[in-house]
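This report looks at one pair of helices and at one residue with its surroundings. The sequence and structure follow.

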Amino acid sequence: MRAVQVQEYGGPEVLRTVETEVPEPGPGQVSVDVAYTGVNFADLKARGEGYRVPSLPFVPGLEVSGRVRALGEGVSGVEVGQEVAALTAGGAYADVVVTDATTVFPLSSGVDLRTAATLPTVLPTAYALVHAVGRLQPGETVLVQGAAGGIGTVVGQLAKAAGASGVFGVVSGAAKAKYALDHGYDDVFVVPSTTDSVQFVEFVDEVRAAAGGRGVDLALDPVGGETFRASLASLAAFGRLVSFGNASSAEPWRVGQPELYPTGLSVSGFSILTLAQTAPGALRALTEKAFAAVAEGVVSLPVTAEFPLEEASEAHRLMGGRTSTGKLLLRVA
């Protein structure tokens, strides 16, 4: 079978298509004939920095859609040939992938394989950020960093559906701002990636003004570093900040009494990959609720670019250029 391997860390050019053995599922596992694979920023960090890479060579990819190929011992709830979406720990840039049965989800009627490949990481993450971790309440306001990306696209719609009174997005360019405004955002701030600390102070003032002078109730940050600190400074009294990534590769954030005590702030974190390892039952319940939002038409995630498997490097170049919006896919079968 074909697989796209990382044999050394580096730029998109290190992604190489190779022929390798078809993996077989072990106990509690399922193998899937892949139709589509979702491309995520975590894949770029794995390729460039070794993020969550156990050893080389490594096949990236965290989410797929396809048909069940084989069942490992003790697996029930899915059948060979059934159309599914699946979250994986890696290995999804391939014709066949093996993953734990707990992260394999049969598709609802009306959800096609192309749409399904956009769901396994983005939808549960967005749902958790708004509901399970962020606990957004009707009438509250929310600030979303990376509003034009896959997660940002879904969060804007979920926040509106949850009754948010103001949904504010942050993007790096004007084209992304227009995209975000079309997907649930009331106002969008353009903050270039070259923004310095002085500009971040101005940004915080603008956010607070947009939120009625008091700041936002919930801020969602996948970037870290200065962006994390600006998000924290944008919170209203009793506000919550959820960190769900460190795209900036900055020093991990640390927050203590001086930042939290004066206005009763709280900071929490979320990682869908870690949740899959530590609380698979909670992940499954979360994912089922998130997928239902798609089946019911509450949210949608546009596929804005699609590449054949052999052109995975081009997908990485597009995403790495920070100009992409929505969801990028690899077409496998």
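## Basis of the description

Contact, as used throughout, means heavy atoms within 4.5 Å. The model is a predicted one, in which local features need pLDDT of at least 70 and side-chain atom pairs count only at pLDDT 80 or more, while totals for chains, interfaces and linings use all residues. Residues are numbered from 1 along each chain as its sequence is written, and side-chain values use heavy atoms, with hydrogens and water left out.

Arginine 2 lies in strand 1, which spans residues 2-6 (strands are DSSP runs of E of at least two residues, helices runs of H or I of at least four, both numbered from the N terminus). Because its relative accessibility is 19%, arginine 2 counts as buried (under 20% relative accessible area, with exposed over 50% and partly exposed in between, for a 1.4 Å probe and protein chains only).

Apart from neighbours within four places in sequence, arginine 2 is in contact with Thr17, Val18, Glu19, Ala94, Asp95, Leu309, Glu310 and Val332. Its side chain makes a polar contact of 2.8 Å with the side chain of aspartate 95 and another, of 2.6 Å, with the side chain of glutamate 310; a polar contact is a pair of N or O atoms within 3.5 Å, where within protein one must be able to donate a hydrogen and the other to accept it, and residues adjacent in sequence count only if both atoms are side-chain atoms.

## Helix 3 against helix 4

In helix 3, Val122, Leu123, Thr125, Ala126, Tyr127, Leu129 and Val130 meet Gly150, Ile151, Val154, Val155, Leu158 and Ala159 of helix 4. The residues of this contact divide into 11 nonpolar, 2 polar and no charged (Ala, Val, Leu, Ile, Met, Phe, Trp, Tyr, Cys and Pro count as nonpolar, Asp, Glu, Lys and Arg as charged, and the others, Gly among them, as polar).
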